[in-house]
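Subject: Handover of a structure and its findings

Dear colleague,

Please find below the structure that I am passing on to you. My notes on what was found in it follow directly after.

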Amino acid sequence: MVIFFNKAMRAPWEGETSIYAYIQKQIQDEGRLINTSLPDDEEYWAGSKMRWVAGGMDGAMGHHAARGNLTDELRELVHQLAKQSRKPRRSLRKAIYRKLIKADIGGKIDAVLEELRKHPGVNPEHLLSEGKWLAENGSHRNVVKFGIALLGLFHNEHVKELLLTLGKHEEFTLYATVAIQNGMEDENNVLFELVKDVSGWGKIHIVERLEPSTPEIKQWLLRKGCQNSVMNEYLACICARNGELHAALSSEQVDSELFEGATDIIQALLNGGPAEDIDDYEHAPQAISNYLRLSYMMCNALKPLSVILEIRDLLSHTDEMWEKRTSMGWTEKLRMEILAASQRIITLSKWESLVIDAINSTDRVDRYYGVVCAKKLGIDSWDALYTQLLTNPLQESLYYDLMKTDDLQRIKKLVQLAEDHLPLQEISTGPKDELGLGQDYVPHRCLLGILQSLDEYEGMGKGLLAVGLNSPVTNNRNMALKALEAWEASSWGNELVIALNQLAEIEPNESVRERVLRLKEVKYSLFTREE
């Protein structure tokens, strides 16, 4: 009883490692973090099946979710903060801290800060001190984030080192970035200093806010700004526009670093995705024309070749977008000139040997571009990839690549390889609601590469489908059901009928169970006959 009482009375930060101190110890001499763990990981992610990458939840919410309104709980938090700013007390700090640990602030933090600005009787000096204390001493990420946000309400040059240190961890980069923007005189140069130490969501947040105020920043945007560990597509148009890609590529010659950066930017613009793409970049015709001119001499690798092949496909494909593109400078004459320039590069004799070498490479990136270019150049890579898979049957990407064929004999050959070499008993351990992420689920993802296409090959791979129906990975079961929904029931056989009946009884995922029951209903006569 005494132990429980002491724990309840103890401040929640006592005996815990402050996140700021933890991050300080993780910083290498080069300024980057050794790892992205945090001391509150186990507590914060307890009960979650999936952990977001650092900054991922705030990044996704910021880009793809609407801003939230204040709840009664958050209004009470504002009231407590105002009270603490007037008369700081340890007991009230403990109450605020506990509320911050549990509060769902997420996309509502701007609304909380706005409410604080309007709240009567707030003592700014004490509120600034409270923000600094929370950011510096907090052992829980929500507390630290809120402390940083409070610092953004004030001039904060005096806590620059604190903000830069916390900002190096991508879980806090967004908050540090906004605080730096709002509270420092030389905020753009400070952000430029910080952006070089992050590579994921943190980099996305900073580049989106970084002003191209100097030639150095513009050059960095074109050479290094686009590449990130989330999706280059988020930053491609920003870097092209703010770095003035079309002008930089207009020189007679450029350095290899600029050419490689331009390759990344144009590749992401052509891919499209969650942000602005090639049709949003107003200087796309000039940039692509200049890129192809430079490529004739500088393109000696498959990655830029894959981009040139994408440019060719874009220019060759006729759709309604070309009417809009005409108004952006894509004249028919320019389009044909660029198409001809792409063809001159694509038809160079050097590519076939480079593609074959890449396909046979053990480097996954080289092989990826080898496969991409082989397909577009009409080079048959199937046998080479199959041979690689034989040497190591747990190369998940190869199953996806090898299933992309119209040759039925090749599909049979791949199915047989999977039946002979995948650890099917390890996969067939019973249905759970697993996502299938991480090293432990590589075999399950290899199987998935085949299952997701078996709906097109009726009667083939029945044993693999039975394993898929008994896999703990939900997507394995969904893809197996997809195949059986497409097949005639007469193609199933007893093994699959029994597996489906068993799955109907024990399936843990409600939506998958409903799918099984609908399938039973559609194929009812077969089930009653077999049962």
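Helices (H or I, at least four residues) and strands (E, at least two) are DSSP runs, numbered from the N terminus. The model is a predicted one: local features need pLDDT of at least 70, side-chain atom pairs count only at pLDDT 80 or more, and totals for chains, interfaces and linings use all residues. Residues are numbered from 1 along each chain as its sequence is written, and side-chain values use heavy atoms, with hydrogens and water left out.

Salt bridges

Side chains of opposite charge can pair when their charged atoms come close. Here a salt bridge is a side-chain nitrogen of Lys or Arg within 4 Å of a carboxyl oxygen of Asp or Glu, and the count by this rule is 34.

One of them joins Glu136 to Lys132, at 2.8 Å from N to O. Both residues belong to helix 8, and because they are four residues apart there, about one helical turn separates them. For accessibility, buried means under 20% relative accessible area, exposed over 50%, and partly exposed in between (1.4 Å probe, protein chains only). Glu136 is partly exposed at 27%, and Lys132 is likewise partly exposed at 30%. Helix 8 (residues 124-137) also holds Leu134, which is buried, with a relative accessibility of 0%.

A second salt bridge brings together Asp41 and Arg141, 2.6 Å from N to O. This pair links distant parts of the chain, since Asp41 lies in helix 3 (residues 41-44) and Arg141 in helix 9 (residues 141-151), 100 residues apart. Asp41 is buried at 13% relative accessibility, and Arg141 is buried at 3%. Both take part in a network of salt bridges that links Asp40, Asp41, Asp58, Arg141, Lys145 and Glu171.

A further salt bridge connects Glu244 with Lys218, at 3.5 Å from N to O. It too links distant parts of the chain: Glu244 sits in the loop between helix 15 (236-242) and helix 16 (245-248), and Lys218 in helix 14 (residues 215-225), 26 residues away. Glu244 is partly exposed, with a relative accessibility of 36%, and Lys218 is partly exposed at 25%.

Aromatic pairs

Rings of Phe, Tyr and Trp (its six-membered ring) pair if their centres lie within 6.5 Å; planes under 30 degrees apart count as stacked, over 60 as edge-to-face and the rest as tilted. The structure holds nine such aromatic pairs. Tyr368 and Tyr369 form an edge-to-face pair, 5.0 Å from centre to centre with 75° between the planes. Tyr369 is buried, at 12% relative accessible area. The pair of Trp382 and Tyr386 is stacked, because the ring centres are 5.2 Å apart and the planes lie at 10°. These two residues are four apart in helix 24 (residues 382-391), so about one helical turn separates them. Trp382 is buried at 5% relative accessibility, and Tyr386 is buried at 11%. Elsewhere, ring pairs link Trp13, Tyr97 and Trp133 into a cluster.

Yours sincerely
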